[in-house]
Amino acid sequence: MPALSRRKWMITAAGATGVTAGTGLAARNGLLPPDCAGPFGVGDSLTYAAQRLLTGQAMAREFSRDQISAKPFANGVAPPTEDYKRLQAGGFADWRVAVDGLVSRPGSYSLADLRNYPASTQITQLVCEEGWSYVAEWTGVPVFRILEAAGALPHARFVVHHSMEQGWTDSIDMADALHPQTLLAYGMNGGDLPPGHGGPLRLRVPRQLGYKSVKFIERLTVTGNLDANPAGGGYSWFAGI
Ligand SMILES: Nc1nc2c(c(=O)[nH]1)N[C@H]1C(S)=C(S)[C@@H](COP(=O)(O)O)O[C@H]1N2
Ligand SMILES: [Mo]
């Protein structure tokens, strides 16, 4: 036992020294995640830096139509609130997603506004951290188009995405926010996005685990740091796949 713990300690110490040596370089190249000082800091920083270096703007795998799962799993139900029910009764005509923070043109967009932008469709896999997954087709507007329309400022580093559902605020860095496959999705498998899957509007981040694809999106906040916006869910902030 003592030998084992000493060995473990030595491995940890060696890893930590390597990370310290690499920290300046990683920070200069934007390779440190915002939770690098947290309890999982060393491991998360290595995962994040390695993935950013290896994959860059690589695309998530896209599937063919015949690979779409027959029964996609809806991991939850729509928020049981009066606000949601009222919007649903109106066919979500009054649903709006606000865009604020470090943008020169803060504002809000209805679903009809979002549909006016060139749509993007992807057949990708949603992978839950619990071990299940499915393939579906999602349609929506790439987040980069909305950031462009809102005039994201040069010192923007993260986009915080807020759900109408309590407790589901999360964030992504600009590499993922500007990634061509990161969508504000309003369609799924050829129809409107169903309430169980986050309808009328969810984020799709196919380069990260399912929990980053927050449902019932009603606000995007562009920010330079995450001090006021801790990551949601209690999961690791970075969930690259
Ligand atoms: N608002 C909200 N967004 C959410 C969740 C949720 O419970 N509420 N679950 C997350 C998790 S853990 C996963 S795996 C996916 C599941 O998406 P699905 O229900 O469309 O399959 O949504 C993510 N986004
Ligand atoms: Mo999940």
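Which atom of ligand 1 is 2.6 Å from an N or O atom in the side chain of E165?

1. The E165 contact. It is a nitrogen atom of ligand 1 that sits 2.6 Å from a side-chain N or O atom of E165. Keep in mind that this is a predicted model.

2. N75 contributes through its backbone, with an N or O atom at 2.7 Å. H197 contributes through its side chain, with a polar atom at 2.7 Å. The protein covers 96% of the accessible area of ligand 1, which is 530 Å² for the ligand on its own.

3. The shell. Ligand 1 is surrounded by 20 residues. F73, N75, E165, H197 and K215 are the closest. By type, the shell holds 10 nonpolar, six polar and four charged residues.

4. The largest nonpolar core. This core has 32 residues. W95, L114, V159, L184, L201 and I217 have the most contacts inside it. Elements that each supply at least two of its residues include the helices α3 (82–89) and α4 (111–115), and the strands β1 (96–101), β7 (183–188) and β10 (217–223). Helix α5 gives the largest share, four residues.

5. A second core. Eight residues form a separate nonpolar core. Among them are L126, Y134, W138 and A185.

Notes
Residues are numbered from 1 along each chain as its sequence is written. Chains are lettered from A and ligands numbered from 1 in the order in which they are written. This is a predicted model: local features need pLDDT of at least 70, side-chain atom pairs count only at pLDDT 80 or more; totals for chains, interfaces and linings use all residues. Side-chain values use heavy atoms; hydrogens and water are left out. A nonpolar core is a set of buried Ala, Val, Leu, Ile, Met, Phe, Trp, Tyr and Cys residues joined through side-chain atoms within 4.5 Å. Buried means under 20% relative accessible area, exposed over 50%, partly exposed in between (1.4 Å probe, protein chains only). A residue is near a molecule or strand if one of its heavy atoms lies within 4 Å of it. A polar contact is a pair of N or O atoms within 3.5 Å; within protein, one must be able to donate a hydrogen and the other to accept it, and residues adjacent in sequence count only if both atoms are side-chain atoms. Accessible areas come from the Shrake-Rupley method with a 1.4 Å probe; for residues, only the protein chains shown count as cover. Ala, Val, Leu, Ile, Met, Phe, Trp, Tyr, Cys and Pro count as nonpolar, Asp, Glu, Lys and Arg as charged, and the others, Gly among them, as polar.
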